[in-house]
Amino acid sequence: MITTGFNEIDDLIGGLKKGWIYGLATFNCDRIGAEYFALHMLNNSQHPAFFCGFSSTDILANFPDKQGCFIQRSDESAEDICERFESLYQYTRFEIAAVDIDMLNARDRENFLYRQYEVSHIIKIFKLLAKRYHVPILLLGRCHDLESETPAEILNAKGCPRALIEASEKIFVISKNIRRSNLGSGHIGESFELSLYEHFSRQETVLIHPHSSGNMFGI
């Protein structure tokens, strides 16, 4: 079991299981929110971690171990990311990983008629990676079209890619209570809600207190 770095989540799910795929999505919130949250989770897990995102290097400034962290270039594919993981794994035995797949493409993307098929292919690649190296992998995405103030009881398949919902053992959804004004400054300054789903159905919502669960982004 790998700790999430949040006592509230560990108490709920017993930590992250090795070889499993988890989804991490933001609800009516910029992708950067998921990347900040994932980095905090990796940081507080106290295990060698691999992270790939799209946001600026300012995010990584608060993450102490830069060896397994990088910003994806526009020409890198999901296959490239997995090869980067395997290359770095020779020197750092990663025990947890997080990858933002929201804008990630497949190497042969022109062979996929619809984005949904491409996403399914990308997720399958990371599932194989998780199993091969026996690490939990968080795949980051977004829920675009939830309208209520709290995440729905049933995830909308259009808002968070259906393939990710079906492939993940658990889906974490960060609610819009997270303050957007604080995301750009590199910290979350107040408590926020995180809902746990098993595939499409919500199981539980917990209130996360950043400052009671470890050091939030080095602040």
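Helices here are DSSP runs of H or I with at least four residues, strands are runs of E with at least two, and both are numbered from the N terminus. Counted that way, the chain has seven helices and eight strands. What you're looking at is a predicted model, where local features need pLDDT of at least 70, side-chain atom pairs count only at pLDDT 80 or more, and totals for chains, interfaces and linings use all residues. Residues are numbered from 1 along each chain as its sequence is written, and side-chain values use heavy atoms, with hydrogens and water left out.

## The chain as a whole

Let's start with burial. A residue is called buried under 20% relative accessible area, exposed over 50%, and partly exposed in between, using a 1.4 Å probe and protein chains only.

Now for the aromatics. A pair of aromatic rings is described by the distance of the centres and the angle of the planes. Rings of Phe, Tyr and Trp (its six-membered ring) pair if their centres lie within 6.5 Å; planes under 30 degrees apart are stacked, over 60 edge-to-face, and the rest tilted. The structure holds twelve aromatic pairs.

One of them joins tyrosine 22 and phenylalanine 172: the ring centres are 6.0 Å apart and the planes sit at 10°, so this pair is stacked. Since tyrosine 22 is in strand β1 (residues 21-27) and phenylalanine 172 is in strand β6 (residues 170-174), the pair ties together parts that are 150 residues apart in sequence. Tyrosine 22 and phenylalanine 172 are both buried.

Another pair is phenylalanine 50 with phenylalanine 94, whose centres are 5.4 Å apart with planes at 65°, so this one is edge-to-face. It links distant parts of the chain, with phenylalanine 50 in strand β2 (residues 49-53) and phenylalanine 94 in the loop between α4 (78-89) and β4 (96-100), 44 residues apart. Phenylalanine 50 and phenylalanine 94 are buried too. They also belong to one aromatic cluster, formed by Phe50, Phe70, Phe85, Tyr89, Phe94 and Tyr133.

Some rings have a charge over them, which requires NZ of Lys or CZ of Arg within 6 Å of the ring centre and within 35 degrees of the ring normal. Arginine 84 lies over the face of phenylalanine 70, at 4.1 Å from the ring centre. Lysine 17 does likewise with tryptophan 20, at 5.6 Å from the ring centre.

## Two helices side by side

How do α4 and α5 sit relative to each other? The axes of α4 and helix α5 (residues 115-133) come within 9 Å and cross at roughly 15°. (Axes are lines fitted to C-alpha atoms, for helices over the stretch in contact, and angles run from 0 to 180 degrees between N-to-C directions.) That angle makes α4 roughly parallel to α5, the label for anything under 35 degrees. On the α4 side, the residues that meet α5 include Ile81, Cys82, Phe85 and Tyr89, while those on the α5 side include Ile125, Phe126, Leu129 and Tyr133.

## A few residues to look up

Most residues other than glycine have a negative phi, and most peptide bonds are trans. Glutamine 46, in the loop between α2 (31-45) and β2, has a positive phi near 60°. Histidine 134, in the loop between α5 and β5 (137-143), also has a positive phi near 60°.

Here is how accessible some residues are:

| Residue | Relative accessibility | Class |
|---|---|---|
| Glutamine 46 | 73% | exposed |
| Histidine 134 | 49% | partly exposed |
| Arginine 162 | 40% | partly exposed |
| Serine 195 | 1% | buried |

Where does serine 195 lie? It is found in strand β7 (residues 192-198). Serine 195 and threonine 205 are ten residues apart in sequence, and their C-alpha atoms are 4.1 Å apart in space. Arginine 162 belongs to helix α6 (residues 162-167), and its C-alpha atom is separated by 8.7 Å from that of serine 120, 42 residues apart along the chain.

Finally, take valine 99 in strand β4. Valine 99 is buried, with a relative accessible area of 1%. Leaving aside neighbours within four places in sequence, valine 99 is in contact with residues including Phe50, Ile81, Phe126 and Leu139.

Key. Parallel < 35°, antiparallel > 145°, perpendicular 65-115°, else oblique. Contact = heavy atoms within 4.5 Å.
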